[in-house]
Amino acid sequence: MAKRSSLSIRIVEGKNLPAKDIGGSSDPYCIVKVDNEAIIRTATVWKTLCPFWGEEYQVHLPPTFHSVAFYVMDEDALSRDDVIGKVCLTRDILAAHPKGFSGWAHLMEVDPDEEVQGEIHLRLEVVPGPGTPRLRCSVLEARDLAPKDRNGASDPFVQVHYNGRTQETSIVKKSCYPRWNETFEFELEERTPEALCIEAWDWDLVSRNDFLGKVVFNVPGLWAAKQEEGWFRLQPDKSKSQLDEGKLGSLQLEVWLREETVLPSSCYQPLVQLLCQEVKLGTKSPGQLISLIDETTSTACRQEVATNLLKLFMGQGLAKDFLDLLFQLELGRTSEANTLFRSNSLASKSMESFLKVAGMRYLHGVLGPIIDRVFEEKKYVELDPSKVEVKDVGCSGLHRPQTEAEVLEQSAQTLRSHLGALLSALSRSVRACPAVVRATFRQLFRRVRERFPSAQHENVPFIAVTSFLCLRFFSPAIMAPKLFHLRERHADARTSRTLLLLAKAVQNVGNMDTPASRAKEAWMEPLQPTVRQGVAQMKDFITKLVDIEEKEELDLQRALNVQAPPVKEGPLFIHRTKGKGPLMSSSFKKFHFSLTTEALSFAKTPSSKKSSLIKLASIRAAEKVEEKSFGTSNVMQIIYTDDVGQPQTTYLQCKCVNELNQWLSALRKVSINNVGLLGSYHPGIFRGERWSCCHQKDKTDLGCDKTRSRVTLQEWNDPLDHDLEAQLIYQHLLCVETTLREKHLELRGPPEADSVPAGPDPAPKDGLIQLFQVLQDLRKAHSASPTAIPSSEHRSLPELQTKQERRGTAQRFQFIPDKAVLVGAAPSDLSMRRSAHLGPNLRAATLTQAQNLRPPVHNPRIGA
């Protein structure tokens, strides 16, 4: 049993940002920090004051996190990036929005006195004596303080204020993890002030000292408790009034905090077995439980429910059967072939989720080279005569500007080349397509052909396949490759237009070049020969794709299991120590790394023979390294034990904060069940006979900061979490239970007075009656579960795990309530408003069709 917290984050767009560049524009991007730790960096949107990102992330966190902050930055190639402003959402604010915060929030100026982080370890005692009692305050240490100096550290000291007196600790130079172990005493008299204030400061020789945070205690409460000890979170100074609200622009966000108590697997078995039984029975099920779930699920949450059900059935090996049942249900209520799978039904949503879970690696293999080519060429492409801008093309020949006709012809040639390359790659990819995807498309193809067998519907089975493969999978990925992990950055305006036109062409091929699609945009006519050829190629490809028998499916799946793909791979820089010299950033050497479920390996090139570096079972922690350690950013460390059981550390450098967090997430996920995971670590390095972070001279010191093994990013290739999916489905069924009971009464009809059971045993319960019983049992199991479960992430460091400390940690909030407030928007600004501003066509198309893990809305056809 465990409590799991996650943040679903969608950074939509910004508006009215201030200009930071000489040209009157900015190059904005966002940094997302959870408790002051950078987790996400969006792509930069160049030369705009109204950027659109549309990026989605899900972050798994321990339940004790405090806030999430969104910093809007202006990228600058020549100097340090400028901070435009920030929006901060505290945990309390997110908890007050059970369906998620959604809307616009004003960016607020970043106040240095509010940019605090870290915790301080204190021991407070009321000491009785023959005379006046005394208040004894021991300042022991601090961790993860904000770096205020250019060297990436601070020179911290602490001031203790009480009853008009101030006492100070010594200064610890160049450390964000100082240890003081100093004690101060104050006399306690009647009618003395009720507050004890402890402030941390960064000492500066020339300028004024920088504020690092404070903790305020209630002295009467301390008097009653006699003694308290624990780690206390540093709080910011009182926020200054915000007079010019909105002058820095606004940010549109969607943030949803989800907290789930996940029960042991055995508790969910009845629910899982019932749902699996319904899928195995298919349309023969008397209550058609899956159909009723579809009917009672609102449009707003249908995507989430579809994804959860799909993952649950994938874990049970029934994804193909589940989708086949949905295909039959949708075909049963569809009379017109041209409306098949055009709505946002459970079948459409589930199939989209299935392709993104099971087919993403296949998508990368087919589309990746074509997308890379479009980005690298950066050609100006336009087919619509009303949008041609000759000045953007440059010159050809003897410096003669191209005519509009030449621009259109050159654009058509470029698009024909890209479309031809894509169709050729698709035609060659039949064997590369996962067996379960092929088998699912086989079922779809057969069901549609059985439902529409006439000659006039000859193309309908093919269009049914392409409606998912092309219109809902390939085309959105072409339009927004970053959202499908095909590129690290968004496309610029020129490349975006090329991708949009290419996606339109793929859509026309997927629609089998119907007259309606041709009439919609007549200026696409120059591509028609390639589109018609593509239709023939597509039909041939689908015929081969669905030509897979059960035995071949099992053989392909078995081969896939034997050759499990890597969890993550890519280039990294590994630190190589030469002799006893200083650890420098230049000591890093580039290799290609591959992480599997067994080991972390590396090689000179992707195709070279790999050498095993670390066995996964030996990993004890994967954490970030302080920037000052090597004089460079984005360095992580892997702490592990070697073959003889000795602790070792490997340092790896990533090229950006996103790559750093992705590798940390992958390493933490594959080693989460390892024996001997560390609860603490050193964020610095051992150099010059001491640790650079806390200055301790013992190399075997347990560590000065807590590990963050539960902080991970959700990725498309994450392993399935069966218990969590079952819990999420249970929560949804609870929400629609009343509607399901009403449906059950309608289906059962009025009871007959003369009805008598025919036999000694009553008739077996239908699916809904069993479901109501399962929900009741799960409710009881949740009611009996403890409300809070301690974990290593919530506790202090192992050497401080005393009974007294745990008591202090549990009671500290009596004295220091969380004073963090929303920075950037008052509660009235947090309404559920939607922006009417969608920008140009590309932005609107990207917003509605290419959202990561969000399918198109209503008609999947791409707009003009």
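Which residue in S9 does Glu-119 stand opposite?

1. Glu-119 stands opposite Arg-143 in S9. The two strands concerned, S8 (residues 119–127) and S9 (residues 134–143), pair in the antiparallel sense over nine bridges. Strands are DSSP runs (E, at least two residues) and helices likewise (H or I, at least four), numbered from the N terminus; two strands pair if DSSP finds at least two bridges between them.

2. On provenance, this is a predicted model in which local features need pLDDT of at least 70 and side-chain atom pairs count only at pLDDT 80 or more, while totals for chains, interfaces and linings use all residues. Residues are numbered from 1 along each chain as its sequence is written, and side-chain values use heavy atoms, with hydrogens and water left out.

3. S8 and S9 belong to an open sheet of four strands, with the order S12-S9-S8-S15 and antiparallel pairing. Strands S12 (179–187) and S15 (227–233) stand at the edges with a single partner strand each, so one side of each is left without a neighbour in the sheet. From one strand to the next, the twist averages 20°.

4. A further open sheet of four strands runs in the order S3-S2-S5-S6, again with antiparallel pairing. Its edge strands, S3 (37–41) and S6 (82–90), each pair on one side only. Neighbouring strands here are turned by 25° against each other on average, direction ignored. Strand S5 (residues 67–74) pairs with S6 in the antiparallel sense over eight bridges, and Val-72 has Gly-85 as its bridge partner in S6.

5. Helices H8 (residues 360–377) and H9 (residues 404–427) pack at an angle of about 160°, their axes 10 Å apart. Axes are lines fitted to C-alpha atoms, for helices over the stretch in contact, and angles run from 0 to 180 degrees between N-to-C directions. H8 and H9 are therefore roughly antiparallel to each other (angles over 145 degrees). Their crossing is right-handed, the near helix being turned clockwise from the far one by less than a right angle.

6. There are six cavities of 30 Å³ or more. A cavity is a set of points on a 1 Å grid over the protein atoms alone where a 1.4 Å probe fits but cannot get out; lining residues have an atom within 4 Å of a point. Strand S23 (residues 619–624) gives the most to its lining, with five residues; other lining residues include Arg-668, Leu-677 and Thr-707.

How values were computed. On a 1 Å grid over the protein atoms alone, a cavity is a set of points where a 1.4 Å probe fits but cannot get out, and a pocket is an open set with protein on both sides within 12 Å along at least five of seven lines; lining residues have an atom within 4 Å of a point. Grid points are joined across faces, edges and corners, and a volume is the space filled by probe spheres set on the points. Angles under 35 degrees count as roughly parallel, over 145 as roughly antiparallel, 65 to 115 as roughly perpendicular and the rest as oblique.
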